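Have the viewer open and follow along.

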Amino acid sequence: MSAATFLKEFCRNWQTVGAIAPSSPALAERMMEATGVWQAKRVLELGPGTGAFTDAISDSMPHGADYLGIELNPTFVQQLTPRFPKMRFECAGAQEFDFSQVLPPGEKFDTIISGLPWTAFPRALQEAILNNVLPHLAPGGCFATFAYFGFHQLPSGRRFRSLLHELTHGVETSRVVWRNLPPAFVYIARKP
Ligand SMILES: C[S@@+](CC[C@H](N)C(=O)[O-])C[C@H]1O[C@@H](n2cnc3c(N)ncnc32)[C@H](O)[C@@H]1O
C-alpha cells in the first residue's frame, strides 16, 4: 500500500518525492543506529513520506519523547496522521516552517532525521532548509540523512555534502545499505 502510494506520488511530484520507492527497513535501521534515537527527547523528521523511518522512530524513541514530522505532500500527511496518532505532523516545506511555533522556549531538537531528496534540490533550497533547521538542533545533537550510492557524486550531491560540512563541522558516513532501492548510506553530522 505505501509503496503504491509512494510511486503514485512520485509520478505526480517527482521533483519533491525524489525516489521511486520508500526506504527499506534496513536503511531505517541504519538511520536509527546512526542517531541513537532511543536516547532522544525531541525528534524532528523531515520528509517522512509514507513513514518508512517514522515507523522505526515510533518503535525506537523513548516513551514520552516528542516527535514532529514536516512533510510537504498533503497526501502523505493525510495517511501518516491516523497511522501514528501520538505523533505530530505538519504539512509544510522544511525551508519555511516556523519551529518557534512548536518548540517550548529555549528547547531544541536533539535528533533530526531527514528523508529529503537533497540531490534533487537546487543549491538555494538545500541552503534554505539547512539554515532553517540546523539552528534548532541542540548542542551535541545529531542530524542524519541518507544519500543514494552513486548519486552522491552528482554535482548537487557533492554540493550538499560540502554544505553540511560547512554548517556542522564534521560529517561521518555509514557503510552502504545494499538492501535498499537504490542502495544508500547515511551521513551523520553533529553539532558541537
Ligand atoms: C525520498 S522521499 C523519502 C520519504 C521517506 N522518508 C522514506 O525514506 O521512504 C522524500 C520526501 O520528502 C518530502 N519533501 C520534499 N521536499 C520537501 C520539503 N521542502 N519539505 C518537507 N518535505 C519535503 C517529499 O514529499 C517526500 O515525502
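## Starting from one serine

Ser 60 sits in helix H4. Keep in mind that this is a predicted model. Is Ser 60 buried or exposed? With 20 other C-beta atoms within 10 Å, Ser 60 is buried, because 20 or more is what it takes to count as such.

Which residues does Ser 60 touch, once its neighbours within four places in sequence are left aside? Those contacts are Met 32, Val 37 and Trp 38. Take Met 32: it is 28 residues from Ser 60 in sequence, yet the two C-alpha atoms are 7.6 Å apart in space.

## How H3 and H4 pack

Helix H3 covers residues 25-35 and helix H4 covers residues 52-60. Their axes lie 9 Å apart, and the packing angle is about 50°. As for handedness, H3 passes H4 in a right-handed crossing.

Here's who makes the contact:

| Helix | Residues in the H3–H4 contact |
|---|---|
| H3 | Ala 28, Glu 29, Met 31, Met 32 |
| H4 | Ala 52, Phe 53, Asp 55, Ala 56, Ser 60 |

Sorted by class, this contact has six nonpolar residues, one polar and two charged.

Which residues of H4 are buried? They are Ala 52, Phe 53, Thr 54, Ala 56, Ile 57 and Ser 60. H3 is part of what covers them, and the cover also includes helix H5 (74-83).

## Zooming out

How many helices and strands does the protein chain have? The count is seven helices and seven strands. Along the sequence they come in the order α-α-α-β-α-β-α-β-β-α-β-α-β-β.

On overall dimensions, the C-alpha atoms fill a box of roughly 40 × 40 × 30 Å along the principal axes. The radius of gyration is 15 Å, which agrees with the value near 16 Å that a compact globule of 192 residues would have. Buried residues make up 41% of those 192 residues.

Finally, look at the contacts with a sequence separation of 6 or more: 68% of them link residues 24 or more positions apart. The Ser 60 and Met 32 contact, with its 28-residue gap in sequence, is one to pick out in the viewer.

Notes
Residues numbered from 1 in each chain as written. Predicted model: local features only at pLDDT ≥ 70, side-chain atom pairs only at ≥ 80, totals over all residues. Axes fitted to C-alpha atoms, helices over the stretch in contact; angles between N-to-C directions. Helix = DSSP H or I, 4+ residues; strand = E, 2+ residues; numbered from the N terminus. Left-handed = near helix turned anticlockwise from the far one by under 90°. Contact = placed C-beta atoms within 7 Å. Nonpolar A, V, L, I, M, F, W, Y, C, P; charged D, E, K, R; others polar. Rg over C-alpha atoms; globule rule 2.2 N^0.38 Å. Buried ≥ 20, exposed ≤ 12 C-beta atoms within 10 Å, placed from the backbone.
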